[in-house]
Amino acid sequence: MKENFQETIGQKTNEELEMISKDYAFYSEEERLIALNELENRNCLTQELSDYKKEVEDFKKQEDELKIPSHKITFKDLIPQKNYLFTPILIYINVFVFILMALLGVSLFNPQIEDLIQWGGNIRYLTMNGQIWRLFTSIFLHAGIFHLVFNMYALLYVGSILEKTIGKSKFIFSYLVSGIVASVSSLIIHENIVSVGASGAIFGVYGVLLALLIFKNFKTIEVSTKSLLSNASIFVLYNIFYGFSKSGIDNAAHIGGLLSGFIIGTVYCFIVKEKIKQIPAYISLIIIFFAFSFLAIMNVSDIYGEYDRTMKQVAINEQKALWMYRENISAMPKSKLKERLTNEGVNLWSENIALLDKIKCNNYNEPLPKQIEIFMEYSSLRKKSCELMRESLENNSFEIIQSIKEINIQMESKIMELEEINKNFK
């Protein structure tokens with residue numbers, strides 16, 4: 001600013017002030033604004049000059065914004081500090097779990113689905129049938145080292161600025177709640193896919209950040225909020241569109257986490273503006289997300305869980321019905337043997353056929369439809385065998401004995417078919 005400009009501006013006439021305000025070649029935006037403010041103080045600001053003043057203010061604001069540095073990650077962001085704790089701790093936990101999995105034999109680059117399930121991956125038929133903890137554990141698992149590195153970089157970038165801005169408790173609340181809502185969202189959309197990764201929770205904290213930036217409630221002088229909004233928006237949009245274009249990416253978890261985080265961030269804005277109180281706001285958020293999760297889990301179909309329960313009952317019935325191969329039936333009275341062949345043979349195999357018939361029309365992925373079909377044929381043969389054995393107690397003819405032998409051969413063939421299917425799909 002030119003020397004003594006602020007002191008001499010009051011001595012200028014209205015015409016001189018108007019000339020100064022429009023002379024962008026000789027005077028800076030700050031000096032032109034001072035001239036316009038002086039005219040405004042004298043009540044001499046015309047509508048044209050008022051509009052012009054707004055343009056100068058906007059231009060100066062953009063110029064000032066460009067002078068503020070963009071957010072950059074530094075090594076100290078990996079170290080817990082007084083007002084910055086959970087971001088590095090979350091990174092440590094995710095890396096520790098990944099290293100532990102690798103040391104215990106899980107592939108660094110392409111973990112098997114069975115390994116991810118064993119370590120706590122989120123999959124509908126297990127999570128909805130007594131293993132609800134998978135909603136939480138899955139957000140600390142990763143499907144390969146590249147998956148881990150990308151997520152941890154994204155977490156470090158957003159966490160190193162957001163946690164310092166909103167505080168530790170709000171940050172960890174946002175992260176964990178968004179992560180669990182993301183896991184529930186994945187269950188709603190995906191029938192039989194194992195969901196793992198911190199990305200749902202990370203999208204949640206990006207959602208919080210976007211809410212604060214959009215509602216202009218992001219108070220920091222260290223970084224450019226315009227640059228931060230641009231970077232966060234690009235990250236979110238790119239990854240969501242990329243997720244739709246490529247298989248194997250859980251966009252349901254990403255979107256669920258993002259929306260829940262945005263809601264949480266909006267509530268934080270209301271808390272800061274003292275429109276709502278903090279404790280009731282936290283309680284309300286927990287109730288809303290719990291209700292959403294409960295209703296979603298209760299109303300979503302669970303055909304793979306139904307398959308699992310059905311096959312367990314089929315196996316139990318089969319073990320009971322094979323009692324004749326474990327006991328000495330030749331020493332058993334005919335009346336007793338006939339009764340058991342009916343109650344613990346024909347009836348059990350009929351029950352298995354009914355159980356399998358109930359699930360055979362579900363839209364399963366291969367090889368389950370073929371397995372169900374073969375199990376039904378096998379059960380029908382077992383039932384027929386018991387009926388013939390019961391009939392042979394009264395009429396032990398050659399035809400009946402021959403029919404039982406033929407059925408036994410067919411049963412062995414069905415058992416071999418099942419073994420072949422299981423071997424091919426391992």
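Modeller: The model is predicted.

Biologist: Which radius of gyration does the protein chain have, against that of a compact globule?
Modeller: For 426 residues, a compact globule would come near 22 Å. The C-alpha atoms fill a box of roughly 130 × 45 × 40 Å along the principal axes. The radius of gyration of the protein chain is 35 Å.

Biologist: How many helices and strands does the protein chain have?
Modeller: Helices H16 (334–359) and H17 (368–392) are among them, with Pro367 in the loop between the two. The secondary structure comes to zero strands, and the number of helices is 18.

Biologist: Which residues does the cis peptide bond with omega of about 10° join?
Modeller: Most peptide bonds are trans. The bond joins Glu366 and Pro367.

Biologist: Is Asn43, with its positive phi, buried or exposed?
Modeller: Most residues other than glycine have a negative phi. Asn43 has a phi of about 60° and lies in the loop between helix H3 (29–41) and helix H4 (47–67). The cut-off for exposed is over 50% relative accessible area. Because its relative accessibility is 72%, Asn43 counts as exposed.

Notes
Residues numbered from 1 in each chain as written. Predicted model: local features only at pLDDT ≥ 70, side-chain atom pairs only at ≥ 80, totals over all residues. Heavy atoms only, no water. Helix = DSSP H or I, 4+ residues; strand = E, 2+ residues; numbered from the N terminus. Rg over C-alpha atoms; globule rule 2.2 N^0.38 Å. Buried < 20%, exposed > 50% of the residue type's maximum accessible area, 1.4 Å probe, protein only.
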